[in-house]
Each structure stands twice: as C-alpha cells, then as structure tokens.
Amino acid sequence: MLEQLRGRLVTPESPDWEQVRSGWNLSVDQRPAAVVEAAGPGDVEQVVRYARTHGLQVSAQAGGHGATHALDDTIVVRTDALDELSVDVPARSARVGAGVRWGSLQGALDGTGLTGLPGSSASVSVVGYCLNGGFSWFSRPYGSGAGSLRAVELVDAAGDRRWVDDASDPDLMWALRGGGGNFGVVTAAEVELHPAPAITGGRLMFPIEQAAAVLTAYGKATQEAPESVTLWAYLVHYPQSPALPEAVRGKSFCMVDVITPDGELDGVLATVRSAGTVLSEVIRPLQPSEVADLNSVPTPPQALSLITSAFQEVTPELIGTLLSYAGEPSLIFQVAIRHLRSGGVGGRPGAAAADPVAPYMVLAVSIVPSPELQQAAEDQLRALQEGLLPWRTGYMPPSGLSAWNTLRDCYSEADLTRLREIKRRVDPDDTFVGNFRLP
Ligand SMILES: Cc1cc2nc3c(=O)[nH]c(=O)nc-3n(C[C@H](O)[C@H](O)[C@H](O)COP(=O)(O)OP(=O)(O)OC[C@H]3O[C@@H](n4cnc5c(N)ncnc54)[C@H](O)[C@@H]3O)c2cc1C
C-alpha cells in the first residue's frame, strides 16, 4: 500500500536512517519504526490508512524541536514538503502547510503591516507551535499561537482529509488549540494575523553583577507597561565559542528585550535603564521577518534541554532563586523571564486547550555541549525547577515542556478529561501519537 507514496519511506535499513530518524533536538535519541517524508497530503492519507490496517501508530513531525521518546516505534510523518504559504492581507489570515516554519511566514509579511505570533526560533514550524500552545513575542497583546488557529486541514483516523473549524467541530478545534498531535495529522492550517504597523524592539545589556537590581526593575517595568509592550529578561552565560563575537564570548550578562507592534515605547524603558550600567542598547524598527530571529537561536540541530514554570509575580524570592541556581556560569546557558498575559485566548478563558494563563513564564535552557554532560545538565535544570516550586502557579503550554515532562503539567483535570473524551471520539483506536501522550 505504501508503494503508492510520492514521497519517501525511510526505514532502519535505509543508508541515511541515522540522519533521518533524528529530530532537531539531538538530546532525544528518537527511534521511530519508520519515517515517511510526505510529498503531499495524499501521502499522509496513505500512511494513516496503512497504519490502521497494520495496527501501527502515526506521529507527525515538522522540525523535531519537540522530539520525545513518545515517537519511538511509530511511523513518523515528516511534513517539510507540505510548504504551501499564502497570505490574505484584507482577511488578516495566512494559510500555511504543516512544514512551513515561522521564518518563512514572517518573511512573507514584511511590508504588510501584519504579523503572526512567532516565538524565539525561526525554524520552529507554525503548525507544530500552534498545536502545542505557542508563547510569542506578541502573546501579550494578541494571545497564544493556539489562539490564532482559525481552522485546520486534518487527516483523520479514517485516513480522510477534512477541514475543521469552530463551525464544523468546536470541541475538536478546542483540542487542537494546544492539545498537540494526538488527534490527527494536520496538513495545513489557517492562522490569524495581527496588526503590526510599526514593530519596534531590541535589547539592553547589563553586567551580570547588577542582575538583582535589573530584574527587580524589570518586574516593575512589566507592571507599568501597556499591553502592547512585551518585555523579556535574561541571565545569559555565553560559552567560549569561536563562533561568538569577542564582545560576548565567555562572558555573562543580564539582558532585557523589549518589543511592540505599534512603535509606542515611550517611558517603558526608563525604569530598566536606571537600574544599572547599560553596556549596550539597540532598539530599532523591525520587519516581521526579523522578529523570529531576535534571540539568535541557532538554526542547526542542537542538544537542548529546558524547563519552564509559570508565575504570578516577579518577587525578590523568585529573583533570588534564579540567581542562586543560574547567576554563575554552569551548564544552564540561559534563564529567561517572559512576560505574557493572563486571561486566555483573546480574553476568552477556556477557548483553547492550552493557553498561558499566568503572566510570567521562566524558561531555563541548557545547550548540552557533549552527550556525557546530558545528565548533569538535566540535573541542574531539575534542581532549579525544584527550587522554583514554592512560587510556581498555573499550567504551561506543551510547547514549554521538556522531554521528561507530561501533559499533567499543562491542563487541569477537567480539561484532561475533555481531551480524553475528544480523543476517544475522533481516534478510538489510538492511531495518532503526539510528542506528549494524553495521560
Ligand atoms: C530553540 C527553540 C526555541 C523555541 N521557542 C519557543 C517559543 O518561543 N515559544 C514556544 O511556544 N515554543 C518554543 N519552542 C518549542 C516549540 O514550539 C515546540 O518544540 C513545538 O513542538 C514546535 O516545534 P517543531 O515545529 O519543530 O515541532 P515538532 O517537534 O516537529 O513537533 C512537535 C509535536 O507537534 C505535533 N505536530 C507537529 N506537526 C504536526 C502536524 N502537522 N500534525 C499534527 N501534529 C503535529 C506532534 O505531536 C509533534 O510531535 C522552542 C523550541 C526550541 C527548540
């Protein structure tokens, strides 16, 4: 049956298996049963029908930034070639194939006065991100990536392609907005675009020794900022890598990023600027294409581990804990505090299965320099996560989970029950496996 594929079936016997089986995140030694590089939606339909008749399971994967061992022994459908991309400026929407990355969508928006809701990596897929929550530079004014999903083209458990939106199946649409890949393979999606007439943003850098004062000022600035303005703060320890500019190589900093879609930053930065010695400040007009690359996250595959936790406030206790675990160089490369917003998709709590509901999120990241340090890096991250527990609140979107987390960190028991019921209805034989299975 799979002989009809237009794309490529790659199995453990194929010469390039070792390369093809990996996702972007090399810290997960992903071992699927086979990989199908789909050439189009018809290939996805064939794979699902084949899997059903042979009692196999199917997982979709774009870049593999969210690789986990849940994908082991499944047929992984790679969506890279599903690359259609069209923008409807008057309708403020884009149709994207499942393989389209944020860098491509944002690139298509230059000069339109509109933006999508990219996060910190241009190479993450729009569909994978939105299905898993998606917290963006613009989540404060415009909500989560999941909330911007208007409709999807889905290959369902019968192997049939259908269009799903709030009119045709509101429950399934709710589940797809943050419920991940457990409900079918999305071949394309329609996402909402948002007004961005004058994106302006950039970064202030301070000595790491002033981090306590800068993070305190950051907390105050986020309270004062209008909803259009987003501020993210970081502790960063740059490695001694020749790939880095000499000015930062081997050095540590406290940094604050700021961005707004409408050019209005008046007064927002005064509190932060006055908290320490500004080593560098670059704030300028930005094109939508530049936004997804603001953090300069490396595009080639990396061994990356991370933890994410949500908070109501930036308190002295939170700052003290971050500094005691990550104030000095270690295997934790970066700790970020992201200011999001609470209140659900477009101010409608409960419109998506996963939506950041706490105003602050802490992300700590290790880019593991060699496989033998993987365990030590995870131990350091878990110790920080434990240290943060007393102030942690709310649920995380699945796009913030580490491979070792479970979806229990993302949904209330009531939402989990609802997700399980929808799963039983649309995929009774459990053909589809997301990178995090429904517990
Ligand atoms: C460097 C880096 C930066 C990041 N920055 C952010 C950020 O700022 N904000 C944020 O929210 N997240 C961020 N993430 C997390 C990222 O959004 C998730 O890993 C997400 O899963 C998308 O990555 P991907 O497109 O490579 O997905 P993949 O790893 O390819 O897919 C992840 C899962 O999504 C599901 N899926 C993907 N495509 C489909 C499909 N077509 N149909 C059905 N299910 C599908 C599957 O369950 C799959 O296992 C970042 C990750 C990295 C590594």
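## Ligand shell

Helix 4 makes the largest contribution to the shell around the ligand, giving four residues. The model described here is a predicted one. In it, 37 residues surround the ligand, and the closest of them are Gly 63, Gly 66, Gly 119, Gly 128 and Gly 181. Two or more shell residues come from each of strand 3 (58-61), helix 4 (126-131) and strand 10 (185-192).

By class, the shell around the ligand holds 22 polar and 15 nonpolar residues, with no charged residue.

## Domain arrangement

The protein is divided into three parts: domain 1 covers 2-78, domain 2 covers 85-195 together with 413-426, and domain 3 covers 200-402. Between the C-alpha centres of domain 1 and domain 3 the distance is 33 Å. Five residues of domain 1 and seven residues of domain 3 take part in the contact. On the side of domain 1 that touches domain 3, three residues are polar, two are nonpolar and none is charged.

## Helix 12

Helix 12 comprises 14 residues, 413-426. From its first C-alpha to its last, helix 12 reaches 20 Å, close to the 20 Å expected at 1.5 Å a residue. Its buried residues are Asp 415, Leu 419, Ile 422, Lys 423 and Val 426. Seen down the axis of helix 12, these buried residues fall within an arc of 105 degrees, and they therefore line one face of the helix.

The cover over the buried residues of helix 12 includes helix 6 (170-176). Exposed on the other side of helix 12 are Glu 413, Ala 414, Thr 417, Glu 421 and Arg 424.

## Helix 2

Helix 2 spans residues 41-53, 13 residues in total, and reaches 19 Å between its first and last C-alpha, close to the 18 Å expected at 1.5 Å a residue. The buried residues of helix 2 are Pro 41, Asp 43, Val 44, Gln 46, Val 47, Val 48 and Ala 51. They pack against strand 2 (34-37), strand 3, strand 4, strand 8 (149-155), strand 9 (161-165) and strand 10.

After helix 2 comes Gly 55, which has a positive phi near 65 degrees.

Most residues other than glycine have a negative phi. Asp 73 has a positive phi, near 65 degrees, and is not a glycine. Asp 73 lies in the loop between strand 3 and strand 4 (75-78). With 14 other C-beta atoms within 10 Å, Asp 73 is partly exposed.

Arg 92 likewise is not a glycine, and its phi is positive at about 50 degrees. The loop that holds Arg 92 runs between strand 5 (85-88) and strand 6 (93-97). Arg 92 is partly exposed, having 16 other C-beta atoms within 10 Å.

## Arg 338

Arg 338 is part of strand 17, residues 334-339. The count of other C-beta atoms within 10 Å of Arg 338 is 27, so this residue is buried. Leaving aside residues up to four places away in sequence, Arg 338 touches Phe 135, Trp 232, Tyr 360, Met 361 and Leu 363.

Arg 338 and Gly 145 are separated by 193 residues in sequence, and their C-alpha atoms are 15 Å apart in space.

Definitions and conventions: Residues are numbered from 1 along each chain as its sequence is written. This is a predicted model: local features need pLDDT of at least 70, side-chain atom pairs count only at pLDDT 80 or more; totals for chains, interfaces and linings use all residues. Domain bounds come from an automatic or database domain assignment. Two residues are in contact if their C-beta atoms, placed from the backbone, lie within 7 Å. Ala, Val, Leu, Ile, Met, Phe, Trp, Tyr, Cys and Pro count as nonpolar, Asp, Glu, Lys and Arg as charged, and the others, Gly among them, as polar. A residue is near a molecule or strand if its C-beta atom, placed from the backbone, lies within 6 Å of it. The expected span of a helix is 1.5 Å times one less than its number of residues. A residue is buried if 20 or more other C-beta atoms lie within 10 Å of its own, exposed if 12 or fewer, and partly exposed in between; C-beta atoms are placed from the backbone. The arc is that of the directions from the helix axis to the C-beta atoms.
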